[in-house]
Amino acid sequence: MSNPLTAPSVLNPRWNNAQNKAWLAACVAVQVFNSEKEQQTIEIEIPTEVQDIYPDILLAARTCVEALTNQVTLPWELREYEQRLSKMQNGFNVKAEAAMAAKFPPPEHRRAFEARPFTVVDKIGEIGLWHMPSAISRRLQTVVEKATRELYQSVPTLFQVGNGPAARCDPSLFKRSAANVWGSGTACLCYCWFQQGHDAVPGEKPSPSSSCLKHLQAILKYLDDITPAMCIMAAVLRIINPSQFFQCFQLPQQITASVPVNHRREMLDLLEFWASPFHCMQVIVNRETLNHRDTRGWAFGYDLLATFGRYSNGVLDLPSIGLSCAYNPGTITGLMGKVLIYGVKPVNGERFCFAQFVRPGVFLRAFPNTKEPQPPHLLDIGIRANTVDFEWERFRGTPRTYTFTPMSINHEL
């Protein structure tokens, strides 16, 4: 792979507006996280590019610290659990899941519902899930809501109902409230992927998703509008799974440099506005999500979920660990979606979410010798920024220096 210490702005100047801003936000966030976790006052240089989202970075990083200090400890190992799963065990086989629950029981003496940020840690210290309510500020939630409403109104056919696995895309799962602000359906946004089942076909070229190709200009505007929120989610990934963050950020350079793709020009256009470390994202609007596993990703890489909208009574169900948790607007969840079963119950109001994920076939095409990500360990969290990120002189503009003092979290931002 390419040097993980290289900033996106050095690799390709076209990415300055999105990938580089996300990288810089992540670099600041991990310093805030370390300071908060270690209760140390430090001075942080804030690059010009992310000064507008500095309060949002603070909120997200501090929420990650809250999650780390509230651990749900599993009495078993995630690796052993994963080895017992069949290749396509998607969570819908009742008999198979009962057998898994008997072999791997949930933690004892633990509340059944959790409203606070928390992590799920196995008995050897590997982290299977981070759950962070209110990690996205209300200001950025409003930005994302407005952008999503405008996207739906301008291209309603982008959001498909019943396009995908029947257990998750049955039309009955999609609901519209009386207000019907965001409609309902799923839009798949990917700058590079294979159509299902095509990643193993010799000579098959990846390409942007068809929805991006059909509605490119609308998607580019949408990506530009939601860049601040995507930068916050990139920063969260940097904190909760550092190795996956760096692996994901190497993909665009390798794809553009050495992988034959269809619709290359459109892919480069998307990358100019693509702030997410992940190469795929679904925007899921007003849909109930049945309890399931995602069988097509890495076993130990995280999927990153973020929920938005005007609703109440949001609940994320985690039957693998015998827990349900608050899933209200502004929540970010990073979880091993191929290992742990999860689902989202119906809500009162209108809800949409971002589900960010990877497809291993794209990584294997870009990096034939790539290894599957390993579970992040408690010892991996809080690696000092100056040992893994890039030099400050690579910033454009003049950074401002802030004195950061650990403090309580303000979710009213």
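**Exercise 1.** Is Ser 207 buried or exposed, going by its relative accessibility?

*Solution.* The model is a predicted one, in which local features need pLDDT of at least 70, side-chain atom pairs count only at pLDDT 80 or more, and totals for chains, interfaces and linings use all residues. Residues are numbered from 1 along each chain as its sequence is written, and side-chain values use heavy atoms, with hydrogens and water left out.

Step 1. Take the cut-offs: buried is under 20% relative accessible area, exposed is over 50%, and partly exposed is in between (1.4 Å probe, protein chains only).

Step 2. Ser 207 has 12% relative accessibility, so Ser 207 counts as buried.

Step 3. Locate the residue: Ser 207 sits in the loop between strand E6 (185-190) and helix H8 (210-214). Helices (H or I, at least four residues) and strands (E, at least two) are DSSP runs, numbered from the N terminus.

Step 4. List the contacts (heavy atoms within 4.5 Å). Apart from neighbours within four places in sequence, Ser 207 touches Tyr 191, Cys 192, Trp 193, Asn 262 and His 263. Cys 192 is 15 residues away along the chain, yet the two C-alpha atoms are separated by 4.8 Å.

**Exercise 2.** Where do Asp 56 and Arg 139, which meet in a salt bridge, lie in the chain?

*Solution.* Step 1. The N to O distance of this salt bridge is 2.3 Å.

Step 1. Asp 56 belongs to helix H3 and Arg 139 to helix H6 (residues 138-154), so the bridge links distant parts of the chain, 83 residues apart.

Step 2. Asp 56 is buried at 3% relative accessibility, while Arg 139 is partly exposed at 41%.

**Exercise 3.** How many salt bridges does the rule give?

*Solution.* The count comes to 13. Lys 146, Glu 150, Lys 221 and Asp 225 are linked in a network of salt bridges.

Notes:
A salt bridge is a side-chain nitrogen of Lys or Arg within 4 Å of a carboxyl oxygen of Asp or Glu.
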